[in-house]
Amino acid sequence: MTDEARKAALRAAAQDPDRFAAYLADVQRVLLAIGQDLEILHQETRVDLRTNHHVAGDRWYHARLRALPVERTLKGVLTHLEGLTQGLEKATFKRRAHHEEVKALPGKREAKEIAKNQKKNRPVLPSSPEKPGTATGPQDSVYSAPASIFDLGDRRSA
């Protein structure tokens with residue numbers, strides 16, 4: 001696969017949340033398999049360094065002390081690998097949440113605009129554009145909203 005084709009495939013995966021999740025799941029599977037190999041390597045290295053590398057004149061703990069930096073490094077790699085796989089899960093979740101939020105945003109904005117208009121006692125405008133010239137209701141009602149502050153004087157109370 002060429003570099004451009006790989007970039008195009010990743011671009012397409014970034015644009016679709018389902019493909020994004022599938023790609024990150026594949027990456028996570030590979031990393032978990034590598035993690036299992038590293039765990040086995042960590043165990044076998046520990047056994048080998050602690051038992052097979054005694055030098056003449058060593059006390060019983062000298063081989064263990066020499067092995068600790070190597071063991072600590074491998075354990076750190078395993079810890080970072082675990083954090084990496086958790087980060088992939090989190091990224092997948094956040095990508096899906098972002099997609100759902102973007103899908104719901106027009107409805108939220110419309111509901112917010114309706115609530116804002118109702119709070120200011122403005123007539124609620126229909127969300128779908130109607131044909132010009134069609135009347136939606138009586139326009140000359142006595143109980144319609146005033147157009148300005150000067151229209152308040154000649155209104156009759158209900």
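1. Q28 is found in helix α2; helices here are DSSP runs of H or I with at least four residues, strands are E runs with at least two, and both are numbered from the N terminus. Q28 is buried, with a relative accessible area of 15%, where buried means under 20%, exposed over 50% and partly exposed in between, with a 1.4 Å probe and protein chains only. Leaving aside residues up to four places away in sequence, Q28 touches T85, L88 and E89, contact being heavy atoms within 4.5 Å. With E89 there is also a polar contact of 2.8 Å between the two side chains. That term covers a pair of N or O atoms within 3.5 Å; within protein, one must be able to donate a hydrogen and the other to accept it, and residues adjacent in sequence count only if both atoms are side-chain atoms. Q28 and G87 are 59 residues apart in sequence, yet their C-alpha atoms are 9.7 Å apart in space.

2. A word on the source: this is a predicted model, in which local features need pLDDT of at least 70 and side-chain atom pairs count only at pLDDT 80 or more, while totals for chains, interfaces and linings use all residues. Residues are numbered from 1 along each chain as its sequence is written, and side-chain values use heavy atoms, with hydrogens and water left out.

3. Now the overall picture. The protein has three helices and zero strands, which gives the pattern α-α-α along the sequence. Of its 158 residues, 14% count as buried. Among contacts with a separation of 6 or more, 54% are between residues 24 or more positions apart. The accessible surface is about 13,100 Å², with 58% of it belonging to carbon and sulfur atoms; these areas come from the Shrake-Rupley method with a 1.4 Å probe, and for residues only the protein chains shown count as cover.

4. Which residues make up the largest nonpolar core? There are six: L24, L31, L38, L78, L81 and L88. Such a core is a set of buried Ala, Val, Leu, Ile, Met, Phe, Trp, Tyr and Cys residues joined through side-chain atoms within 4.5 Å. Helices α2 and α3 (62–119) each supply at least two of its residues. L38 touches V77, L78 and L81, not counting residues up to four places away in sequence.

5. H42 lies in helix α2, which spans residues 17–51, and is buried at a relative accessible area of 16%. Its side chain reaches the backbone oxygen of E71 at 3.4 Å. Not counting residues up to four places away in sequence, H42 touches E71, L74, K75 and L78.

6. D48 is also in helix α2, but at 31% relative accessibility D48 counts as partly exposed. The side chains of D48 and N52 are joined by a polar contact of 2.8 Å. D48 and A67 are 19 residues apart in sequence and 9.2 Å apart in space, C-alpha to C-alpha.

7. On α3, the buried residues are A63, A67, E71, L74, L78, L81, T85, L88, T92, R95 and N117. Their cover includes α1 (3–15) and α2. A kink of about 40° lies at L105, shortly before the proline P106; the bend at a residue is the angle between axes fitted to the seven residues ending there and the seven starting there. After α3 comes N121, with a positive phi near 60°.

8. In helix α1 you will find A9, which counts as partly exposed at 32% relative accessibility. A9 and R19 are ten residues apart in sequence, with 9.8 Å between their C-alpha atoms.

9. How many aromatic pairs does a search of the whole structure find? It finds one. The ring centres of W60 and Y61 are 5.5 Å apart and their planes are at 80°, so the pair is edge-to-face. Rings of Phe, Tyr and Trp (its six-membered ring) pair if their centres lie within 6.5 Å; planes under 30 degrees apart count as stacked, over 60 as edge-to-face and the rest as tilted. W60 counts as exposed at 71% relative accessibility, whereas Y61, at 30%, counts as partly exposed.
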